Amino acid sequence: MSTNQKILTLVMVRKANAILLGLKKRGFGEGKWNGFGGKVENDETVAEGAIRELEEESGLVAKCLKKVGILEFEFVGNPIVLEVHVFDVLQYEGEPVETEEMQPQWFPEDSVPYEKMWPDDILWYPLYLKGIKFKGYFLYQGHDTILKYTLTQVDHL
Ligand SMILES: Cc1cc(-c2ccco2)c2oc(N)nc2c1
C-alpha cells in the first residue's frame with residue numbers, strides 16, 4: 001500500500017570547515033548542488049540507505065553518520081510528501097569520485113553555492129553548520145519557489 005509519503009536520504013560530508021557537495025547530472029534536482037542521497041529500499045533502514053547512496057553517488061564509505069535533521073517537502077498539485085532524513089558524515093573512507101549521478105566538489109563552509117542549490121538550503125544550512133538539529137516543512141511551487149515554510153530547532157530527532 002503506497003501512502004502519499006516518500007522517504008529519502010540526504011548526506012553531507014564535512015572536513016576541516018569544508019563541505020562536500022555534488023552537482024546532480026541527471027534526474028530529480030538536475031543542475032543543483034546538493035548533498036548525496038536518494039530513495040530508501042524496502043530491505044534497508046534509513047541510515048543504511050544513506051550510506052549506500054553516499055557510496056553509489058560519491059564513492060565514499062561513511063564510517064560514522066549523525067542524524068541532523070528531517071525536512072518535509074510538498075509541491076503544489078502533487079499529493080506526495082517527501083520526508084528527507086538529513087545526515088552529517090565526519091568520518092569516511094576513500095576520495096570523492098565523479099559518478100553517473102554526481103560531480104563532487106569541496107566548498108568552504110562560508111562559500112556554499114546557495115544560488116545553485118535548492119532554495120530551502122540557505123534557510124537550514126546555518127543551523128546545520130552550527131550543529132543545531134532541525135525539523136522543517138517547505139511548500140514548493142515548481143523546483144525554485146517556496147510558497148511557505150516552517151523551520152524549528154529540535155533537541156532530538
Ligand atoms: C524537494 C527537495 C528534495 C530534496 C532531496 C531529494 C533527495 C534528497 O533531498 C532536497 O534536498 C535539498 N537540499 N533540498 C531539497 C528539496
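How far does a polar side-chain atom of D120 lie from a nitrogen atom of the ligand? Select D120 and the ligand: the distance is 2.9 Å. This is a predicted model, in which local features need pLDDT of at least 70 and side-chain atom pairs count only at pLDDT 80 or more, while totals for chains, interfaces and linings use all residues. Residues are numbered from 1 along each chain as its sequence is written, and side-chain values use heavy atoms, with hydrogens and water left out.

**Ligand site**

A polar contact is a pair of N or O atoms within 3.5 Å. To show the surroundings (residues with a heavy atom within 4 Å), select L8, T9, L10, F28, N34, F73, F75, V84, W118, D120, D121 and W124.

**Strands**

Next select β5, residues 78-93. Strands here are DSSP runs of E with at least two residues, helices are runs of H or I with at least four, and both are numbered from the N terminus. Two strands pair if DSSP finds at least two bridges between them. β5 runs parallel to β1 (residues 5-15), with nine bridges, and V84 in β5 stands opposite L8. On β4 (residues 61-75), 12 bridges make an antiparallel pairing with β5; there E72 has E83 as its bridge partner. Two residues separate β4 and β5 in their hairpin, and G77 in the turn has a positive phi of about 85°.

**Cores**

Now pick V86, W124 and Y125, which touch the most other members of the largest nonpolar core, a set of 24 residues. Such a core consists of buried Ala, Val, Leu, Ile, Met, Phe, Trp, Tyr and Cys residues joined through side-chain atoms within 4.5 Å; buried means under 20% relative accessible area, exposed over 50% (1.4 Å probe, protein chains only). β1, β2, β4, β5, α2 and β7 each supply at least two residues of this core. Around V86, look for contacts (heavy atoms within 4.5 Å) that include L10, M12, W124 and F134. Another core, of 11 residues, lies apart from the largest one and includes V13, L20, A50 and A62.

**Last stop**

Finish at N17, in the loop between β1 and β2. N17 is not a glycine, yet its phi is positive, about 60°. Is N17 buried or exposed? N17 is exposed, with a relative accessible area of 60%.

Methods. Polar contact = N/O pair within 3.5 Å; in protein donor to acceptor, adjacent residues only side chain to side chain. Lists of a residue's contacts leave out its neighbours within four places in sequence.
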